[in-house]
Structure formats: C-alpha cells, structure tokens
Amino acid sequence: MKKIVFFLYVFCAFNAYSQKVTEEVFSPKLNEKREITIGLPASYLTNPNKKYPLLIVLDGDYLFDPFQGALNYGAYWDDLPEVIIVGVNQNKNNERETDCTVDQTTGLPDEKGNQFFEFIGMELVSYMEKKYRIAPFKIIAGHDITAGFLNFYLYKERPLFDAYISMSPELPTAMEKNIPDRFNVLEQPIFYYQSTADGDVKKMQTRIKELDEALKTITKPSVNYKFDEFKGASHYSLVLHSIPNALYQFFSVYQPISTSEFLEKIVVLPSGYVDYLINKYTILEKSLNIKMPIRINDFKAIEAAILKNKAYDEFDKLAELSKKQYPKTMLSDYHKAMFYEKTGDIKKAIKAYQSAFQKEEIGDLTKDMMLDKADELKNQ
C-alpha cells in the first residue's frame with residue numbers, strides 16, 4: 001500500500017511540473033472531442049504574474065515537438081521569449097483533411113472546415129485564455145494543407161492572430177491574390193512567414209512563389225514579411241529549417257543587443273545612445289505586447305557606446321533610466337558616479353560610488369568594486 005501511495009505521489013508531482021500535457025477538449029462547434037497538446041514555459045509555475053504569447057500549432061502531432069524544441073533553445077539563450085504552445089492533433093484519423101475542407105469555387109472554409117475554423121477562433125483560443133496566462137500576442141502555424149488553411153484568419157476584418165507561419169502551404173482558390181489584398185487594407189501589425197524548397201511539390205511551389213512576388217511589393221511598415229526557399233530541402237525537411245527562421249524573424253526585436261547590433265547600429269550613432277535603448281524596449285512592448293525589464297547586458301552595451309564616443313553627458317540620462325528599472329540596486333548610483341567622474345566633478349563621483357556601496361549588487365557590480373573606485377578617486 002505504501003508503495004502505491006508513493007508511486008501516486010511521484011506520478012502527481014511529475015505531472016504538476018510537466019511542461020507537456022496531452023488532453024481532450026469537447027468542441028460544441030465540431031460536436032466532438034479533440035486532442036490537444038499543451039506546452040508550458042519553464043518559468044510558468046515560478047513566475048505567477050507573467051503572461052506569455054500563445055502559439056497555436058496545427059498538425060500538432062508532428063509539429064509540436066520541433067516548435068517546442070526551437071523555443072526552448074532560444075529561450076535558454078534569451079534570444080526568444082518563453083511561449084505557451086498548444087498543438088492541435090489532426091493525424092490519428094487524418095482529421096486534417098476534413099478539418100481543412102474548402103469550397104473549390106469560393107475558396108472559403110466549407111462544412112467541417114467552417115466548423116474547425118470556428119473551433120480554433122472561438123473555442124480553443126478562449127479555452128487557453130481562461131485556463132492560462134496568455135499575453136495579447138498570438139501566433140498560428142501549419143504545414144501543407146493546414147498552412148493554407150490558417151490564412152483564412154487573415155480574411156477577418158480584424159485578424160485574430162498577430163503572426164502566421166505558413167510552411168509550404170497548399171493554397172485554396174485565389175488565396176495568392178486575396179492575402180496581398182488583405183495586407184493592403186489591414187491596419188493592425190501583421191507578422192507573416194512562408195517557405196518552400198527546391199524539392200517542394202511543384203504545383204504548390206508555383207503558387208507560393210506567386211504569393212511571394214505579390215507580398216514583396218507591399219511596403220507598409222505594419223507588415224513584417226519573410227520568405228524562404230531552401231536549397232536541398234524537401235516538402236517535409238523544410239519544416240526544420242523554417243521554424244527557427246520564422247521565430248527569430250518575429251522576435252528579432254526581443255533579442256539582446258548583439259555584437260553586430262552594437263557595431264552597426266549603436267556605436268556609429270552621433271548621439272542618442274540611451275534613447276536607442278529606450279526605443280528598443282518600447283518597440284518590443286508595442287509590436288509584441290511583451291513588457292520586460294531592460295537587460296543588464298543591454299545597459300552595459302550602452303555604457304560601452306557612451307565611453308567609446310566620449311558622450312559622457314548621457315550617463316546622467318542612463319542613471320535616470322536605471323533608477324526606474326532597478327531602483328533598489330547600485331546601478332543608478334554607478335551611472336551617476338560615471339557621469340560625475342567623466343565630467344570632472346570628482347567629489348560628487350566619490351559620493352556617488354559610496355552611495356552605490358549601500359545598495360544591492362547587480363550584474364558584475366559589487367560593493368568592493370564601488371569602494372575601490374571611490375578610494376581610487378580619493379588618491380588621485
């Protein structure tokens with residue numbers, strides 16, 4: 001009996017912290033149960049106030065794991081945000097064919113296709129929002145027939161999804177013309193990715209390229225578009241190339257300041273280094289609905305740009321920003337001390353370093369470091 005109780009305890013404890021759960025949900029629209037797989041970020045249980053973008057993966061049977069792997073890897077290096085994934089499993093009984101039923105004349109969802117469209121848009125998204133902490137930014141992804149089908153959400157007056165990953169789509173009637181027409185009238189920001197390969201199905205590839213040519217002519221800043229044609233890949237292997245490319249395209253603004261960004265975009269500026277940092281995180285919040293503290297390493301990159309260009313007055317503005325971001329730490333006093341030191345007010349610099357000593361350490365800034373800097377200035 002004790003062994004059974006222990007086993008149940010271990011089993012429940014494992015599932016309580018599991019990051020991948022498969023469950024059945026009943027859909028009134030479809031009038032049937034559907035299997036979904038849900039993946040929660042590693043920090044979901046330990047960060048109860050945080051909301052996460054939602055990624056709905058059609059063909060979840062075989063696309064869920066590649067997406068989760070790419071997101072976990074990117075999140076580990078802080079290149080990609082943590083995302084809640086829900087995979088819609090459609091391949092046990094080839095449900096994907098009936099789920100994606102389209103009228104060949106109108107090119108619109110028909111019969112069960114219309115019901116499945118409403119299941120995703122009216123039931124599944126709502127289910128996830130009620131059960132989990134979902135941020136406003138939503139993505140949908142698919143491959144082949146489901147990649148073509150997901151584009152129907154763009155036909156809505158206000159599309160439900162903010163970002164679309166369409167891998168080797170089998171496009172319904174007139175879709176290569178309808179999507180560009182929709183992009184030309186939509187006001188909300190849209191992230192859109194599609195891909196093919198030289199080994200892709202030729203009849204599909206032709207229409208995919210037609211769509212690409214039309215989308216390339218759209219220059220609206222609200223449309224973030226990327227197209228890939230992979231060499232040496234097939235209709236199936238292109239998926240493993242597409243997933244990281246799409247995610248890194250959508251979340252490029254999320255990534256920390258890289259060496260190339262520092263050298264090519266920041267250090268070459270004549271001024272406004274702190275403004276660049278503020279704008280980077282403002283764009284992140286506005287475009288992806290992700291609000292997060294400015295990374296310490298991004299502060300360090302701006303420090304380096306200020307020092308390299310001898311724009312020492314900007315340390316004063318950087319001190320104000322770091323005080324808002326990390327008020328209990330020594331970061332703001334450190335920046336203030338740098339401002340005074342570099343502009344020649346040694347007495348105030350010493351005071352600022354001593355004030356920093358009394359605050360919490362952060363990053364590579366330590367109490368010993370602050371005292372050493374104050375003593376160094378006293379001895380000058």
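Is Ser234 buried, partly exposed or exposed?

Author: A word on the source comes before the reply. This is a predicted model, in which local features need pLDDT of at least 70 and side-chain atom pairs count only at pLDDT 80 or more, while totals for chains, interfaces and linings use all residues. Residues are numbered from 1 along each chain as its sequence is written, and side-chain values use heavy atoms, with hydrogens and water left out.

Ser234 has a relative accessible area of 28%, so it counts as partly exposed. Buried means under 20% relative accessible area and exposed means over 50%, with partly exposed in between (1.4 Å probe, protein chains only). Ser234 belongs to strand β8, residues 223-234. Strands (E, at least two residues) and helices (H or I, at least four) are DSSP runs, numbered from the N terminus. Leaving out residues up to four places away in sequence, Ser234 touches Ala197 and Gly199; contact means heavy atoms within 4.5 Å. Val88 is 146 residues from Ser234 in sequence, and their C-alpha atoms are 24 Å apart.

Arg34 sits in strand β2, residues 32-39, and is buried because its relative accessibility is 2%. The side chain of Arg34 has a polar contact of 2.8 Å with the side chain of Asp99 and another, of 3.3 Å, with that of Glu32. A polar contact is a pair of N or O atoms within 3.5 Å; within protein, one must be able to donate a hydrogen and the other to accept it, and residues adjacent in sequence count only if both atoms are side-chain atoms. Beyond its neighbours within four places in sequence, Arg34 is in contact with residues including Glu23, Lys112 and Phe119.

A nonpolar core is a set of buried Ala, Val, Leu, Ile, Met, Phe, Trp, Tyr and Cys residues joined through side-chain atoms within 4.5 Å. The largest one has 70 residues, and Ile165 and Phe67 are among those with the most contacts inside it. Helix α10 (residues 273-288) gives the most to this core, with seven residues. A second, separate core of 47 residues includes Phe119 and Tyr225. In soluble globular proteins, nonpolar side chains tend to be buried together.
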